[in-house]
Amino acid sequence: MKNNLPLEEWPTTPDQDKAFYMAVIDRNDRLTFVNTPLFKAFHQAKAPIANKAFLDMIHRLDLDRVRESFADCRRHGETVIVEARVRNGHYKWVKWKISPLMEERSRENKLLCLGYDIAGEEQQQKYSTLAGRNYQSIMEGLNIGWLVRDKDGALIAANQRAAEILDTTLDVLYNDTSILPSSPFSPQSNRIIAWPCGDGQERFILWNSQPLFENDGSEPYAVVSTLHDMTKEKLLEKEVQAREALFSSFMDHTPYVSWIIDENNNLVYANRSLLKYFHGWKEVIGKDMSMFIPQPLFLALREKHDLALREQRAEHGIIKSVMADGLEHVFRVSVFPIHGASRPLAGGEALDITESYTARQEILKLESQLAKQKLKQQKNTAEAIIHAQQEERARLGHEMHDNVNQILASAQLFIGQLDSDNPEFASIKARSIEIVGLAIEELRQLARDMVMPDFKEDGLLGSIRKLVDELKVCKRFDIRFLHNNKRGVEALDPNLKITLFRIVQEQVKNIIKYSKAKNVVIDLHCDEVQLRMEIADDGRGFDPKATRRGLGLSNIYERTSLYNGNVILDAAPGKGCTLIVNIPVS
């Protein structure tokens, strides 16, 4: 950058009440020109101007900042403003304006430094007077501790607050410097020290040390230290760190993927589960969430994020999305606004429930199928019952017509021939009485088949035994009844006992009508798990596959299915028939 403005045209001062300084330095930061106020400042400091570096008059604690300002000015070719302390009998703050300078007769890049005292001469005088008169009061009134030590570590001065922070007294502090850090000139000017106290506790002290120099000296002659009691802050910091560690541990081990985003969908926080699930990396923090989450899922989440931020309420739901593996995954998602943050934030958590969701859907599907199957079975059962009732009515009608009606017709014929003059009157009367008795017996047998057996008196076993005894009287075949566990059988459900009795009746009736058997065995076995009833005959048998299932067998199958049982029919031509009924007791 070229500056064509002659040096003598620069304003003499920006403020008539403050000293104005001007200097030109070369590429090595050595002075090539100074104005009178700056020269006087160096003269008072007993520092000759010739071959002198500009930085020699800057306080050593400000050197790095000034050097960095010179470098920035040369690097960018732009003016830089910096505040730094200058030695002039004592240090005072000066504001410097540093600009690049290119002279017409020289190609050497130089810097023009313009400065003025931040505090005016009158202000500095007042401060010196005030500090001289009230130094002790000012130092004691501070809420921080301070102490001054010489280069050997001996204590020069300290205030009461310093003794309190160090858990001691001023007397001990002045007379026993061994309790203080051994070297007053620590390279660390600002550090936190864990200070042991008399009660066994630790106090955390922010210890800030600054060296003091003579005006023309390069070595410090003393150090002033300020002490801040940071115990509460440090304990609070530890508590915050512990809570953060607890939070991080919980969030990193929860099966939920969790996140926090801002209003621009930039990721503010992501737990380990989220990064692992989506194969992400920690550098995604601060990046758009769509960078590593599949687009369909991101769009669904963004809709919930926007709604949660706009209406300030939590959003819950199920999201289905096709993932990178090409399969549809199901997530249970919760998104909620985060209150108390300095900017709009929304948090969220999601759990992949694909397996459980799919299993649940399969269960619901099976339950629906079972319900339909059960309804169909109930319908079939109801139809079978109605059909059985109709068949039973038809059978009763046939019995009444074919048997009872014919018997009564015969009785009517004989009764019509009764005439006292008829020489066969006695035999006709006897025959009429016999035929009427036969009709009465047929009606009694029909009534017995229709009326429910009374198990209260005889029980199931007694009722079957009575039926067997009646069949023995007829002498159509030899019949035996076997059983076990009388107590277990009689403890069965009353409706189940009726069903078993009806099955025995149906099968015995089939044997009488079709089998021409000589031997029949009824075996009833019951244990804690299952009831098994077997009815076997040695009759002519039949082929179950080639024979239409009649009403009797249909009734047996339907009655058994009502109790979740099963029927086994073992029959063959010439080999008799065995009917086995299995019903679970539980």
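Good morning. A residue counts as buried under 20% relative accessible area, as exposed over 50%, and as partly exposed in between. With that in mind, please turn to the structure above, which is a predicted model.

I begin with Ile415, in helix 9, which spans residues 354-416. Ile415 counts as partly exposed, because its relative accessibility is 44%. Ile415 belongs to a nonpolar patch on the surface, together with Leu418, Phe425, Val436 and Ile440. Together these residues have about 370 Å² of accessible area. Helix 10, residues 425-450, supplies the largest share of the patch, with 3 residues.

I now turn to charged residues. Side chains of opposite charge can pair when their charged atoms come close. How many salt bridges does the structure hold? There are 16.

One of them joins Asp64 and Arg67, at 3.5 Å from N to O. The two are 3 residues apart in helix 2, and therefore separated by about one helical turn. Asp64 is exposed, at 59% relative accessibility, whereas Arg67 is partly exposed, at 41%.

A second example is the salt bridge of Asp117 with Lys92, whose closest N and O atoms are 3.2 Å apart. Asp117 lies in strand 5 and Lys92 in strand 4, so this pair ties together parts that are 25 residues apart in sequence. Are these two residues buried or exposed? Asp117 is buried, at 1% relative accessibility, and Lys92 is buried as well, at 9%.

In the pair of Glu315 and Arg313, the closest N and O atoms are 2.4 Å apart. Here Glu315 is buried, at 10%, while Arg313 is partly exposed, at 40%.

Finally, a network of salt bridges links Asp62, Arg65 and Arg85. Thank you.

Conventions. Residues numbered from 1 in each chain as written. Predicted model: local features only at pLDDT ≥ 70, side-chain atom pairs only at ≥ 80, totals over all residues. Heavy atoms only, no water. Patch = residues over 30% accessible without salt bridge, like charges linked within 9 Å, V, L, I, M, F, W, Y side chains within 5 Å. Areas by Shrake-Rupley, 256 points an atom, 1.4 Å probe, with all protein chains shown as cover. Salt bridge = Lys/Arg side-chain N within 4 Å of Asp/Glu carboxyl O. Helix = DSSP H or I, 4+ residues; strand = E, 2+ residues; numbered from the N terminus. Buried < 20%, exposed > 50% of the residue type's maximum accessible area, 1.4 Å probe, protein only.
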